Amino acid sequence: MTFDTVGCSCQKRDHRQIDMEIRSVKGMNDIFEPQIHIWRHIEDQVRKHFESFCYTEIKTPVVESTTLFSRGVGDSTDIVQKEMYTFEDRNGEKLSLRPEGTAPVVRALLEHQLLNQDPIQRLYYWGPMFRYERPQKGRYRQFHQYGVEYFGSEDAWVGAEVIAMVVKLFEKLKLKGLAVRLGSVGCDQCRPSYKTILSESLKSLHAQLCSDCQNRTQKNPLRVFDCKNESCKKLVGQLPRILDHLCQVCGDHFAKLQGALGEFGVSYRVDSGLVRGLDYYMRTVFEVTSQDLGAQDAVGGGGRYDKLSEDLGGKPVPAVGFAGGIERLAMLLESRQTEFQPKLPLYVVMPDDQGVGTCARLVSELRLLGIRADIDYSGRSMKSQMKRADRSGADYVLILGGQEISKKMAVLRNMKTKAQEEIPLETLVDDLKRRLQ
Ligand SMILES: [Zn+2]
Ligand SMILES: [Zn+2]
């Protein structure tokens, strides 16, 4: 057995050591207090916001057939080639932990023929995703994403509404220095000829490209724009851009999108190098960045993917969507942590065990009314109970023991003003309800 003592300064033996074999998996985290309060705040805001735009939630399984992602995300993507958790189940079926949320949602849309019920479907999701990447700050192997998918319209207004909705969400969450990067990746009409032009100019740079990009030159040259390799990044500046090679329809669509964004009051910057790492995008692509994350990292992004449904064997379904990472948002909200902590209106302190029945009934009654109240039954000293009450940040402390019972009074201490008063036991519940609710 191997033990690990790194990361814990606790001197107690049972706290210090944990069997390595049962430690959490690398890149996968426990999320608990105080972080969990930030997560809850984000989740509440996201849900409320999307639901006000008439999106409803969809929950898809965490495990899907591997084929869904190789067809839906793209065989040539890094995600499918290098990053998926893929395994065979006991029946020999090839399965994968979902690396992203869109392909499963489209699968569900087709499987349940949702568009037959309503030709417009607006769905949002929230949950864990899995990619085998090198863990680093803000990037984990189990990470969490939320996103929206709008099915049933190819109108540029829909894409603009999605982008505007996302920007407003980030404004509500008080993110600073927001910027929208906007691009188009063309369509089946104009992208193939652009790819040929791009491949041609990549040929002359072949020797200077990283080995990944050398392979991409043939299969999917657009992906060169996504390469994280420094030397490739420098070369990208000299390449022809797809925005100069859009067909009439794509050009008009892009212009209409920009006009609609203006109507929504969203400012944006057209970025001809924005292609995004997934195969299924067509026409609109976008990313939202925050100055707090640095230039490289987007808070979220998305685009239009009218062909994905056909890639999965369905009929054509125009669609546009967005996905964002929850860990990144949580990181950006970390400095405001205390804002999101739940308030504690009451802490009950018992100097002895003579009032324990009364206290237990009282606390239970308040809790059932939705009033948060804390109590410690373990018979610790008055001093240590007061210490814990103080640390808990409670608004009031109620003191109730044998002495108080004999006087038919309880002592209520306001923890901010330190003022104390006596309240008759007879009216105690009503009095506390009035004060605390
Ligand atoms: Zn086109
Ligand atoms: Zn490269």
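These legends describe close-up views of a predicted model. Local features need pLDDT of at least 70, side-chain atom pairs count only at pLDDT 80 or more, and totals for chains, interfaces and linings use all residues. Residues are numbered from 1 along each chain as its sequence is written.

**View 1. Helices H2 and H13 cross.** H2 covers residues 35-52 and H13 covers residues 326-333. Helices are DSSP runs of H or I with at least four residues. The two axes, lines fitted to C-alpha atoms over the stretch in contact, come within 10 Å and cross at roughly 115°. That makes H2 roughly perpendicular to H13 (65 to 115 degrees). On the H2 side, Gln-35, Ile-38, Trp-39 and Ile-42 meet Ile-326, Leu-329, Ala-330 and Leu-333 of H13. Contact requires C-beta atoms, placed from the backbone, within 7 Å.

**View 2. Helix H3 has buried residues.** In H3 (residues 66-74), Phe-69, Ser-70, Gly-72, Val-73 and Gly-74 are buried. Buried means 20 or more other C-beta atoms within 10 Å of a residue's own. Their cover includes strand E4 (63-65), helix H4 (78-83) and helix H12 (308-311). Strands are DSSP runs of E with at least two residues.

**View 3. The largest nonpolar core has 69 residues.** A nonpolar core joins buried Ala, Val, Leu, Ile, Met, Phe, Trp, Tyr and Cys residues through C-beta atoms within 7 Å. Val-162, Ile-163 and Val-166 touch the most other members. Helix H7 (residues 156-172) gives the most to this core, nine residues. Leaving aside neighbours within four places in sequence, Val-166 contacts Val-288, Gly-300 and Phe-322. Another core, of 18 residues, lies apart; among them are Tyr-347 and Leu-398.

Definitions and conventions:
Chains lettered and ligands numbered in written order. Axes fitted to C-alpha atoms, helices over the stretch in contact; angles between N-to-C directions. Parallel < 35°, antiparallel > 145°, perpendicular 65-115°, else oblique. Contact = placed C-beta atoms within 7 Å. Buried ≥ 20, exposed ≤ 12 C-beta atoms within 10 Å, placed from the backbone.
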